[in-house]
Amino acid sequence: PRGAPAYGVPARLGPTPRQRRALTQGGAAGKHVPARPLPAPTAAMGLLRLGRVLVLLLLPLAARAGAPQVQLKVKNRAGAPVDVYWVSLFKPGDLQRQTTSSIRNASETNINSFETHEFQVKWASGRGPVNEFAQFKMGKHDATVTVFPDDEAGLRVEYRDSFDDAFDSINATVEHCVASLDPAASKDDFVGCVAGGVMAEMDRVQTKVEDTQRYHKALAARIRNYTCSDPSLETTTPESSFTWRYDGHTIRAHKLLDTPHAKIMHLENMVTQTECDMFRTHAAPLLTRATVASEDGTSIVSEARKAKQASYDVSMKPGHTMTLLRQRVFAFTNDQTGYNLQFDGQEGFTVIVYDEGDEYTSHCDGACAGEEFNPGGRVATMVLYCETADEGGGTVFPRSDIFIKPKVGDAAWFAYLGPDGKMDDGLTEHSGCPITAGKKSVTTAWMRLGVSREQPWTRFDPQGVPA
């Protein structure tokens with residue numbers, strides 16, 4: 001049918017129960033069983049299934065290579081120009097064109113996208129019936145979509161992603177091993193042959209991932225500088241927005257990034273003027289040069305962070321203004337992440353004042369290299385904006401290409417622990433742009449998982465390493 005979607009969803013991998021039984025060889029527990037030759041058809045079948053299982057090892061590497069976006073390459077082989085439209089998730093029927101000009105025949109273009117985004121491909125204006133289109137949905141991996149003419153639907157697309165490429169590579173390895181080894185070779189010989197090919201493919205993918213991350217990190221510094229130097233730049237357009245209500249407060253939340261390991265939001269009306277006044281009064285006589293965490297977990301002065309700060313340790317006195325604010329901050333974080341953070345053992349608020357010329361260069365608040373979470377480490381941050389600069393002072397997430405130009409009462413919120421127990425791999429790295437006129441005052445709440453009254457935050461550095 002016209003407009004039928006073509007989804008890039010891979011078929012189920014792995015052998016059926018009957019095939020698993022056919023592949024099983026063994027003996028009594030603890031007894032050595034010599035490797036035995038396999039009949040050629042069984043060996044081929046077993047190795048093919050082995051290849052399909054081993055390909056799964058490559059997918060996590062490809063899935064987390066550098067950025068939250070997935071890259072879409074569109075190749076036009078339709079015989080005439082076409083246009084690609086994003087199908088809006090928020091306004092049904094709203095199609096947003098993805099390129100400034102049509103994609104000419106025999107050419108290709110690259111588009112930044114996200115998992116689950118849907119697209120329609122249509123003939124360029126005047127090149128074909130307006131009701132002819134092909135539709136597809138992005139998966140987790142970078143993909144190439146090739147557009148072809150179709151006698152029935154007008155247009156059709158062929159969807160291939162990095163999963164397909166890795167699968168084909170390992171299948172080719174399996175076929176090579178089946179063809180090149182003697183039929184009387186043992187199972188161990190076949191496994192060794194396939195494993196060698198798989199490891200070579202994994203090395204290739206890992207090198208590509210590392211190269212991508214290195215280039216992305218280098219580019220992030222330039223993005224930060226360009227973003228901070230543009231006074232006309234407004235807050236990044238959100239992916240979606242919602243209203244969150246808590247204890248009489250109505251907060252408008254804008255999702256700027258939403259991945260399993262990294263979430264970034266811009267919140268409106270998160271902190272009141274009364275709360276900001278309390279921070280300002282408390283901090284004024286206590287401000288000292290701001291510090292950063294050193295490699296051994298201690299606090300040191302650094303040129304990377306030019307500002308003044310003061311701590312505001314909050315006792316959980318029922319009904320106190322700061323207690324209510326802290327409850328609001330933690331309630332929002334728990335609602336959006338399911339972390340179930342507790343108050344005991346947590347850091348207090350930190351008031352930070354930036355004068356003209358001050359800034360905070362790019363950094364992560366906790367671990368951010370995709371490593372396993374260490375209990376006691378930071379997992380989420382909320383930055384409350386109590387005073388904004390006349391010029392400069394925005395918050396930029398350079399590796400996610402996200403910018404927040406706040407108003408008084410707003411907050412930047414981000415979380416960086418995934419449901420699999422692994423940390424964000426750099427997407428929540430952020431920076432406070434230089435103040436070029438005026439002054440900025442923020443209050444930061446850093447939230448930790450795994451601290452308690454008995455094991456408070458002072459016993460761990462921001463990454464959860466015992467201090």
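The structure is a predicted model, and the mean pLDDT of its protein chain is 81.

**Confidence of the model**

- Of the residues in the protein chain, 78% have a pLDDT of 70 or more, and the mean over the chain is 81.
- The pLDDT is below 50 over residues 1-41, a stretch that has 55 contacts in the model beyond near neighbours in sequence.
- Residues 58-67 also have a pLDDT below 50, and beyond near neighbours in sequence this stretch has 28 contacts in the model.
- Where pLDDT is low, the predicted coordinates should not be read in detail.

- Strand 3 pairs with strand 6 (residues 118-123) in the antiparallel sense, over six bridges. Within this pairing, valine 84 is opposite valine 121 of strand 6.
- Strand 3 also pairs with strand 4 (residues 95-97), again in the antiparallel sense, over three bridges. Here tyrosine 85 is opposite arginine 97 of strand 4.

**Disulfide between cysteine 177 and cysteine 193**

- The sulfur atoms of cysteine 177 and cysteine 193 are 2.0 Å apart, and the two residues form a disulfide.
- This disulfide is left-handed, because the torsion about the S-S bond is about -85°.
- Cysteine 177 belongs to helix 3 (residues 162-180) and cysteine 193 to helix 4 (residues 187-228), so the pair ties together parts that are 16 residues apart in sequence.
- Cysteine 177 counts as buried because its relative accessibility is 0%, the cut-off for buried being under 20%.

**Disulfide between cysteine 228 and cysteine 433**

- Cysteine 228 and cysteine 433 form a disulfide in which the sulfur atoms are 2.0 Å apart.
- With a torsion of about -75° about its S-S bond, this disulfide is left-handed.
- Cysteine 228 lies in helix 4, while cysteine 433 lies in the loop between strand 25 (430-432) and strand 26 (435-437), so the bond ties together parts that are 205 residues apart in sequence.
- Cysteine 228 and cysteine 433 are both buried.

**Disulfide between cysteine 276 and cysteine 386**

- A disulfide is formed by cysteine 276 and cysteine 386, with their sulfur atoms 2.1 Å apart.
- The torsion about the S-S bond of this pair is about -80°, so the disulfide is left-handed.
- Cysteine 276 is found in helix 5 (residues 273-283) and cysteine 386 in strand 20 (residues 378-387), so the pair ties together parts that are 110 residues apart in sequence.
- Cysteine 276 is buried, with a relative accessible area of 1%, and cysteine 386 is buried with a relative accessible area of 5%.

**Overall pairing of the cysteines**

- When the bonded cysteines of the protein chain are numbered in sequence order, they pair as 1-2, 3-8, 4-7 and 5-6.
- A disulfide is a covalent bond between the sulfur atoms of two cysteines.

Terms used: Residues numbered from 1 in each chain as written. Predicted model: local features only at pLDDT ≥ 70, side-chain atom pairs only at ≥ 80, totals over all residues. Heavy atoms only, no water. Pairing = 2+ DSSP bridges. Helix = DSSP H or I, 4+ residues; strand = E, 2+ residues; numbered from the N terminus. pLDDT = per-residue confidence, 0-100. Contact = heavy atoms within 4.5 Å. Disulfide = S-S within 2.5 Å. Buried < 20%, exposed > 50% of the residue type's maximum accessible area, 1.4 Å probe, protein only.
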